[in-house]
Amino acid sequence: MASETGHLRVVDSRTEKGYLVPIYDNHINAKDLSAITILDGEVSEKLRVLDNGFETTACMDSAITFIDGKRGQVMYRGIPIQDVFRDNDFEDVLHLLLWSRLPTKEEKLAVRAAVFAASTPPQSVINTIKAFPPTAETYPMIIAGISAFIAIDADAANTRHQHSPLFHGNLEVADAAILRTIGYYSAVVGLVHCHKRGLKFHTPEPNRSLIGNLLIMMGKFDPKTGTGPDPTIEKCLSKLWICYADHEMTNSTAALLHAASTLTDPISCVMAGLICGYGPLHGGAIDLAYEALEKIGHPRYVPVFIEMIKAKKARLFGYGHRIYKTRDPRLALIEDLIAQHQDLVSKDPLLEIALTIDKVANEDPYFVSRNLKANADLLGCFLYSALGFERDIIVPVICLSRVIGGLAHWRETLSQPIKLWRPLQVYSGPKVAPEAKSPTEGSISSNDFPIKNLADATAQTAYTPPKVSLRAKAAIWWMKRNSALVKS
């Protein structure tokens, strides 16, 4: 726990009582504010903190990822993301986030083997995904596939059938579950991708990287040999995924941890995070951004679109971020990758439209004053498109890179005290029951009460004996007769 660096002097004007609230490394513990109380009748009520949307509330103490949105900094385990990006591949970062250090060659191979073992889907999972028509939405198919894996995972079942925590304080079991979860999700992405396109699903290969086996399962092979993963895509994603591996306490990470606080299994926790990740204000914004770019159609129509945004007749998805008040440092890294694949990326007509919008957003006072800059998730999507990924599968693939960070946060909680997340609320409704109206004070509207009058109420609640057929009467007689014979 951080050491105390100061304190707040708080005076409650309602009671004139003074309080000292300790400050720890520029944060306070909300629980310390509960010392501020006031009598409500004979009951002492603690002060509550209302923060809709958790804009100023931290819910965890974590040592995984640091973000300074005002200075434009991102660090993984204390290492600037620029250094991590330059010196490592995604497999290194997976190990760094989960286990706080870079892996040896032997440790990399061990992780590959464990993920590979979980990436071959059983028939029940295949059947679950094939039950959907190929034209179905991708997102529900992903969730269904993960659910099918949960249904056959022994540890997932055990968490619901034993009184002691299965994973908490038992990191060896937890680590095995983490690697299974990664394998499960990668298999589901591959299966859904192939099912929607009528492609053959190819089983993963031993000793391949996570990204390499994902490409094999999706049928993205080396164009020169027709075997093994496409090396151009694998090399690009091994860098691009570093930018997405974790992003501190996002909406989906918080959802994952909320589920984790119940002591459920990590696969279910990941599913909770994915459900949030597909919302239109989170990862789902990528789909909406693509749709908006398609509607614009050409860079020459960008000024018209910009004016519609200012007039609040259109919304700009894929731009702006609550955390960053300056340029997201990941953007420069993604731009480097785009430059390396410029021949492929330049073929995407939507990129030119997006870059035109970005140019306006960096110059127009309306956007500058609101810090509406390109979102790293959206910019990276143009790399995915250039590499041959269709739009519907881009978000699921991005989520696979982010699952690693989410599971690192889950693992971190296993060494902390168990605490079920149960937020409070500030009640704003009436505290005294409204007086009932008498019949002479006016009729009761349908909004006040679903039954128009008491006569209707009596008619609706009166019991009417059901009609009994001759066959039913005969059956009742026969049962009574047999019952009497048994008793005698």
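1. Ground rules. This is a predicted model, where local features need pLDDT of at least 70, side-chain atom pairs count only at pLDDT 80 or more, and totals for chains, interfaces and linings use all residues. Residues are numbered from 1 along each chain as its sequence is written, and side-chain values use heavy atoms, with hydrogens and water left out.

2. The overall picture. The protein chain carries 21 helices and seven strands. Helices (H or I, at least four residues) and strands (E, at least two) are DSSP runs, numbered from the N terminus. Of the chain's 488 residues, 42% count as buried; buried means under 20% relative accessible area, exposed over 50%, and partly exposed in between, with a 1.4 Å probe and protein chains only. Contact means heavy atoms within 4.5 Å. Among contacts in the chain with a separation of 6 or more, 68% are between residues 24 or more positions apart.

3. The core. A nonpolar core is a set of buried Ala, Val, Leu, Ile, Met, Phe, Trp, Tyr and Cys residues joined through side-chain atoms within 4.5 Å. The largest one here has 122 residues, and those with the most contacts inside it are Tyr76, Tyr185, Trp241, Ile357, Tyr384 and Phe389. Helix H7 (residues 171-197) gives the most to this core, namely 13 residues. As background, nonpolar side chains tend to be buried together in soluble globular proteins. Take a look at Tyr76: not counting residues up to four places away in sequence, its contacts include Ile64, Val84, Leu97, Ile242 and Tyr244.

4. Two strands pair if DSSP finds at least two bridges between them. Next come S3 (residues 37-40) and S4 (residues 43-46), antiparallel over four bridges, with aspartate 40 opposite valine 43 in S4. Here the hairpin has two residues between its strands, and glycine 41 in the turn has a positive phi of about 70°.

5. The three-stranded sheet. This open sheet has the order S5-S6-S7, with antiparallel pairing. S5 (65-68) and S7 (79-80) are at the edges with a single partner strand each, so one side of each is left without a neighbour in the sheet. S5 and S6 (residues 73-76) are joined by four bridges, and phenylalanine 66 has methionine 75 in S6 as its bridge partner.

6. Helix H3. At 1.5 Å a residue, the 14 residues of H3 (residues 105-118) should span 20 Å, and the end C-alpha atoms are 21 Å apart, which agrees. (The expected span is 1.5 Å times one less than the number of residues.) Which residues of H3 are buried? They are Val111, Val115 and Ala118. These cover an arc of only 60° around the axis, which puts them on the same side of H3; the arc is that of the directions from the helix axis to the C-beta atoms. On the other side, Lys105, Glu106 and Ala117 are exposed. The buried residues of H3 pack against H2, H5, H7 and helix H8 (210-218).

7. Helix H4. In H4 (residues 123-130), the buried residues are Val125, Ile126 and Ile129. Their arc around the axis is only 100°, which puts them on the same side of H4. They pack against helix H5 (138-152) and H7.

8. Aspartate 92 is in helix H2 (residues 90-99) and is buried, with a relative accessible area of 11%. Leaving aside neighbours within four places in sequence, aspartate 92 is in contact with Leu102, Pro103 and Lys108. Lysine 196 is in H7 and counts as buried at 19% relative accessibility. With the neighbours within four places again left aside, the contacts of lysine 196 include Pro134, Glu137, Met141 and Asp392.

9. Cysteines. How many disulfides does the structure hold? Zero, taking a disulfide as a pair of cysteine sulfur atoms within 2.5 Å. Cysteine 59 counts as partly exposed at 39% relative accessibility, whereas cysteine 269 counts as buried at 1%.

Notes: The expected span of a helix is 1.5 Å times one less than its number of residues.
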